[in-house]
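Here is my note on the model you sent.

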Amino acid sequence: MNADFLHTIKPGIRAMKGYTLVQPVCPIKLNQNECPFDVPVDLKRDILAEAAGRDWGRYPDFVPTAVKAKIGAYNGVAPDGVLIGNGSNELIQATFIATVSKGDRVVLAVPTFTLYGLMSTAMDGELCPVRLRPDLSFDVDRLVAEAGHPGTKLVILCSPNNPTGSFITPDDVARIADATPGLVVVDEAYHEFAGLTNIGLLARYPNLVITRTFSKALGAAGLRIGYLIARPEIAREIEKVKLPYNVNQVSLIAAMRLLDERALIEERVGFIRAERQRVFERLSRTEGVRPFPSVANFILFEVDRDVRQVFHGLIERGVLIRDVSHYPMLDRAMRVTIGLEAENEAFLKALEKVMTQTRS
Ligand SMILES: Cc1ncc(COP(=O)(O)O)c(C=O)c1O
């Protein structure tokens, strides 16, 4: 008998690489598409004061009704179609658990966020990747064809797409939703930076599910708050596999307060969009660098030399970005998050130096 009991682990999971992150400590951290602005200190104090007034010995509300109502109002949808998660990742996982059984087809546009593939494998789904076009736009005709296959349970579209920064239009999402017998999940983690959303399609498409997060434009990645919006009858089913009391009391209070900060969030998003444009233009003028247009808070770019060398050269200069060269189609690519002006400047200067020094 195998004494280590590894045989008990599903073969698909043993074969998985897992979600990992190389995270050396660097003064300039532009590797996780986080918000460069912290929650204002007065707001943090108010949130903590409210949390201190609660009994931490008690569970949070079984259904966080007030937060659901506020998220619903914020997005112009009915609260009974809203689920709140410990980050949107948790709700993506719940959606997989609720829908995908062994051999079910999961259609997705690649390269994209790694989690979807991991979840599909964990559920023994059959991953059906559809490559983006060479310019990194979505290949909608092929997605429609794959999504339309009778065995398709789930179609996952990340828009704006991580790590490419490209997007799919609501009209094209509608074509896919029309064609498929499955659910269509649109991960809108970065939608604020694009000014694009598919929420308007929910009225027409009962198979649409949208996930969003407080981790990016709302600047609260450390608090782990995400949400899902769907038709109430779908949300109720996914809710059955979501863990009870999944979001802690402090984060629920923070969610309520952060949603009152629309003006601040819009101001910050405006800043990041302007910086995105500036960084894009500088990258376009840097020899050996080819940036791709992005509607998110990050930019993907290719270099005409060894990616590992450039990546480590940046780390040596105190700048951490993301090496995405192991993704399909992206063997020459890296992704940089848009940060504060000084951080972006430090990145651009370091990259210009590294590119000069590694010139072939
Ligand atoms: C496309 C996408 N979806 C979801 C997430 C995770 O969001 P959350 O922090 O809400 O779990 C990320 C994080 O990087 C992401 O890039």
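**Cysteines, ligand site and backbone**

1. Cys128 counts as buried, at 7% relative accessibility (buried is under 20% relative accessible area, exposed over 50%, partly exposed in between, with a 1.4 Å probe and protein chains only). Its sulfur is 18 Å from the closest cysteine sulfur, that of Cys158, too far for a bond. Cys35 is also buried, at 16%. For Cys35 too, the closest cysteine sulfur is in Cys158, at 18 Å, again too far for a bond. The structure holds zero disulfides (pairs of cysteine sulfur atoms within 2.5 Å).

2. On provenance: this is a predicted model, in which local features need pLDDT of at least 70 and side-chain atom pairs count only at pLDDT 80 or more, while totals for chains, interfaces and linings use all residues. Numbering runs from 1 along each chain as its sequence is written, and side-chain values use heavy atoms, leaving out hydrogens and water.

3. Which residues are closest to the ligand? They are Ser88, Asp187, Tyr190, Thr213 and Ser215, and 14 residues surround the ligand in total (a residue counts if one of its heavy atoms lies within 4 Å).

4. Look at the ligand's N and O atoms next. A ligand nitrogen is 2.6 Å from a side-chain N or O atom of Asp187. A ligand oxygen is 2.7 Å from such an atom in Tyr190. For Asn162, the distance from a ligand oxygen to a side-chain N or O atom is 2.8 Å. The protein covers 93% of the 400 Å² of accessible area that the ligand has on its own (Shrake-Rupley method, 1.4 Å probe).

5. Asn162 also takes part in a cis peptide bond, with Pro163, at an omega of about 15 degrees. Another cis bond joins Ser159 and Pro160, with omega about -5 degrees. Pro160 is in the loop between strand S5 (152-158) and helix H7 (170-179) (helices, H or I, have at least four residues and strands, E, at least two; both are DSSP runs numbered from the N terminus). Pro163 is in the loop between S5 and H7 as well. Most peptide bonds are trans, and most residues other than glycine have a negative phi.

6. Check two positive phi values. Leu136 has phi near 75 degrees. It is buried, at 3% relative accessible area, and sits in the loop between strand S4 (126-131) and helix H6 (140-147). Arg224 has phi near 55 degrees. Arg224 is partly exposed, at 29%, in the loop between strands S7 (208-213) and S8 (226-230).

Technical notes
A polar contact is a pair of N or O atoms within 3.5 Å; within protein, one must be able to donate a hydrogen and the other to accept it, and residues adjacent in sequence count only if both atoms are side-chain atoms.
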